[in-house]
Amino acid sequence: MSEKSLTLKEYQRQYYLKNKEKYLTRAKKQRERLKVEKKKKENKKELEIIEQQERPTFLRPLLVRCFRCKNWFLIKYVPWKKRFSLKNNWDWWTKKEEEKGKKICDACLKDLYLNHKVEYRQNIWDGERRVVLRNYVT
Ligand SMILES: [Zn+2]
């Protein structure tokens, strides 16, 4: 090995050692940033719920649980109608008194229409409601 290449190698080593701290700090920062971003994403839904709950009472959406998938979700208040959105009330779709109080999330409505045709036809028998759901899903 020539003296020159040795010097170059040595120089590179020295350079690395000198800047090691800086590189590691940068990598660490990057890793932490990614971690925070991931957490942010995970917490977004939770944050949204908290934010919504902090709004004035009359605008505050209802936090309810879907009877189908058991997930919590929010039912938005519709100010110009002065009431909560009806589409998440299961009995609004089925028009069955015994279903009153049951809530269904948007994802389940979509899933019901797209992937569970039998269940959909059995429960949502009203033609008008079917049109509404079809328009809503597609
Ligand atoms: Zn659901």
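Q: In this predicted model, what share of the contacts with a separation of 6 or more comes from residues 24 or more positions apart?
A: Such residues account for 38% of those contacts in the protein.

Q: What makes up the secondary structure of the protein, and in which pattern?
A: There are five helices and four strands. Along the sequence they follow the pattern α-β-β-β-β-α-α-α-α.

Q: Why is the protein called more spread out than a compact globule?
A: For 138 residues the globule rule gives 14 Å, whereas the radius of gyration of the protein is 28 Å, well over that value; therefore the protein is described as more spread out than a compact globule. The C-alpha trace spans about 90 × 40 × 25 Å along its principal axes.

Q: What percentage of the residues in the protein is buried?
A: Of the 138 residues, 6% are buried. The cut-off for this class is 20 or more other C-beta atoms within 10 Å of a residue's own.

Q: What makes up the largest nonpolar core?
A: Seven residues form this core: Phe73, Trp90, Trp93, Ile104, Cys105, Leu109 and Ile124. To belong to such a core, residues of the nonpolar kinds must be buried and joined through C-beta atoms within 7 Å. In soluble globular proteins, nonpolar side chains tend to be buried together.

Q: Which residues are in contact with Phe73, leaving aside its neighbours within four places in sequence?
A: Phe73 is in contact with Val64, Cys66 and Cys105. Both Phe73 and Cys105 are members of the largest nonpolar core.

Q: Why is Lys70 called exposed?
A: Lys70 has 8 C-beta neighbours inside 10 Å, and a residue with 12 or fewer is exposed; therefore Lys70 counts as exposed. Lys70 lies in the loop between β1 (62–65) and β2 (72–75). Its phi is near 70°, a positive value in a residue other than glycine.

Q: How do you know whether Lys95 is exposed, partly exposed or buried?
A: Lys95 has 13 C-beta neighbours inside 10 Å. Lys95 is in the loop between α2 (90–94) and α3 (106–115), and has a positive phi of about 55° although it is not a glycine.

Q: Why is Lys38 called exposed?
A: Lys38 has 10 C-beta neighbours inside 10 Å, and the limit for an exposed residue is 12 or fewer; therefore Lys38 counts as exposed. Lys38 belongs to helix α1 (residues 3–53).

Methods
Residues numbered from 1 in each chain as written. Predicted model: local features only at pLDDT ≥ 70, side-chain atom pairs only at ≥ 80, totals over all residues. Helix = DSSP H or I, 4+ residues; strand = E, 2+ residues; numbered from the N terminus. Rg over C-alpha atoms; globule rule 2.2 N^0.38 Å. Contact = placed C-beta atoms within 7 Å.
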